[in-house]
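User: I'd like to go through this one and check the labels against their cut-offs. Can you show it first, then take my questions?

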Amino acid sequence: MINANKVIGSQNVLFVTFDSLRYDVARATTHAGRTPNLEEVLPNGLWEERRTQGSFTLPAHVSFFSGFLPVPSGPNRPGRLLACYAVRGTTITDRTFVFDAPDIVTGLSGLGYRTVCIGGVGFFSNRTKLGRVLPGLFQESHWSPETGTDNPESTRHQVDIALQVIGEQKANQPLFLFLNVSATHTPHHVYLPGETADSWESQCAALAYTDTELGRLFHAMPGAGPWLVILCADHGDAFGEDGHHGHGIAHPCVWSVPYAEALMPSGRQF
């Protein structure tokens, strides 16, 4: 497991949340060889099954930005990667980097990081007071209809912004780059030509599309220095299981999410 104390402050951080992505979808899509770029980054080319802290975008990300990333699906609770000082920190261990801040975004900014949010779903839109809460944590935030859920090329637009951010980055300043992938959120039936309803299969297709665009980002990152990479879903989605549809519900397919943390060294060749 990664010791965050050895990388925070000296390495860039990329945090990607795949909105609404189920663990079984991520596992099956990767097993089928449809996400070759993600496989290059995932430890041993595999996702870890974890449990999220929230059943929809807002509470999940509030938890993540507070240092409570998805937890292992089993009973063991290893030390957290990141945390904020609290009265009791039972999951803080030697590997945990602890910020003296209300959230990890503010904490990274206090360490000299440039913090950038590239939004996807409406909670990152900046178009309402609620939609400004999460992006408001960052020094810079980007969102437009082109990066939102209704644009089939949303990940392409998000990666274009990310590449511009990396290209403008000062050589002596670390970067915290956060990306909320909207393509895996409904409506994703557009990734299966002819389909009119969202499904498990269409979310697989959405993730495969996303992988093609993320590959451009992964190839560019090593030129900007070493990175700590955190990849996960904020929650899953129900496609008819036990009569349920969507998320914001207490169902295993919503709570089970893919997770990975990895180090990407400077100059790595893809």
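Predicted model: local features only at pLDDT ≥ 70, side-chain atom pairs only at ≥ 80, totals over all residues.

User: Why is E241 called partly exposed?

Analyst: E241 has 24% relative accessibility, which lies between the 20% and 50% limits, so E241 counts as partly exposed.

User: And what makes R22 buried or exposed?

Analyst: R22 is at 4%, and that is under 20%, so R22 is buried.

User: What makes E241 and R22 a salt bridge?

Analyst: The term asks for a side-chain nitrogen of Lys or Arg within 4 Å of a carboxyl oxygen of Asp or Glu. The closest N and O atoms of E241 and R22 are 2.8 Å apart, so the pair qualifies. The two residues come from distant parts of the chain, 219 residues apart: E241 sits in the loop between β10 (238-239) and β11 (245-246), and R22 in the loop between β1 (12-18) and α1 (23-31). Helices here are DSSP runs of H or I with at least four residues, strands are runs of E with at least two, and both are numbered from the N terminus.

User: How many salt bridges are there?

Analyst: The structure holds 10. Among them is E48 with R50, at 3.0 Å between the closest N and O atoms. E48 is partly exposed at 32%, whereas R50 is buried at 7%. Another is E153 with R156, at 3.3 Å. Here E153 is partly exposed at 31%, and R156 is partly exposed at 32%. Shared partners also join R22, D24 and E241 into one salt-bridge network.

User: What about T106, buried or partly exposed?

Analyst: T106, found in helix α4 (residues 104-110), is at 35%, between 20% and 50%, so T106 is partly exposed.

User: What does the radius of gyration of the chain agree with?

Analyst: The radius is taken over C-alpha atoms, and the globule rule is 2.2 Å times the number of residues to the power 0.38. For 270 residues a compact globule would come out near 18 Å, and the chain has 17 Å, so the value agrees with the rule. The C-alpha trace spans about 50 × 40 × 40 Å along its principal axes.

User: What else describes the chain as a whole?

Analyst: The chain has seven helices and 12 strands, and buried residues make up 54% of its 270 residues. Of the contacts with a separation of 6 or more, 69% are between residues 24 or more positions apart.

Key: Residues numbered from 1 in each chain as written. Heavy atoms only, no water. Buried < 20%, exposed > 50% of the residue type's maximum accessible area, 1.4 Å probe, protein only. Contact = heavy atoms within 4.5 Å.
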